[in-house]
Amino acid sequence: LDWSPNSCYPRTWSDPLCQVPCQENFRAQGEYRCNTAGQWDGDARCIPEWVIGEWSTCMSGCGLSTRHRLVECPSGVDEECEAERPADTEECWDVSACS
């Protein structure tokens, strides 16, 4: 189904509810139904979800240090991601370079 906010052809008012297709890193919330005028009715929207990168290696080769990862909201506005922002820094231990 090609979704358009202006027309729900070929769907009809008697068809089941459908979700709005969202782009990657966004999730659909709510549903739409085609009304008798051939327009979408409903409260569906696409909500951005945090994009979380891999943790870096520990910054120190010996002892307590920190590591980092990329955490960003795909809309470019952190406040639009409704979930709590995941940590982008954490403490880590590395003993690989200890002598």
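Good morning. The accessible surface of this chain comes to about 7,000 Å², of which 48% belongs to carbon and sulfur atoms; accessible areas here come from the Shrake-Rupley method with a 1.4 Å probe, and for residues only the protein chains shown count as cover.

A word on the basis of these values. This is a predicted model, in which local features need pLDDT of at least 70 and side-chain atom pairs count only at pLDDT 80 or more, whereas totals for chains, interfaces and linings use all residues. Residues are numbered from 1 along each chain as its sequence is written, and side-chain values use heavy atoms, with hydrogens and water left out.

I turn to the fold. The chain has eight strands and zero helices, where helices (H or I, at least four residues) and strands (E, at least two) are DSSP runs numbered from the N terminus. The pattern along the sequence is accordingly written β-β-β-β-β-β-β-β. Of the 99 residues, 22% count as buried, that is, under 20% relative accessible area, with exposed meaning over 50% and partly exposed in between (1.4 Å probe, protein chains only). Among contacts (heavy atoms within 4.5 Å) between residues at least 6 apart in sequence, 42% join residues at least 24 apart.

The remainder of my remarks concerns the cysteines. How many disulfides does a search of the whole structure find? There are four, a disulfide being a pair of cysteine sulfur atoms within 2.5 Å. I shall discuss some of them in turn.

Cys58 and Cys92 are linked with their sulfur atoms 2.0 Å apart, and the link is right-handed, with 105° about the S-S bond. This pair connects distant parts of the chain: Cys58 is in the loop between strand E5 (51-52) and strand E6 (63-68), while Cys92 is in strand E8 (residues 89-94), 34 residues apart. Both Cys58 and Cys92 are buried.

In the disulfide of Cys62 and Cys98, the sulfur atoms are 1.9 Å apart, and the link is again right-handed, at 110° about the S-S bond. Because Cys62 lies in the loop between E5 and E6 and Cys98 in the segment after E8, the pair ties together parts that are 36 residues apart in sequence.

Lastly, Cys73 and Cys81 form a disulfide with a sulfur separation of 2.2 Å. Their link is right-handed, with 100° about the S-S bond, and both Cys73 and Cys81 are buried. Thank you.
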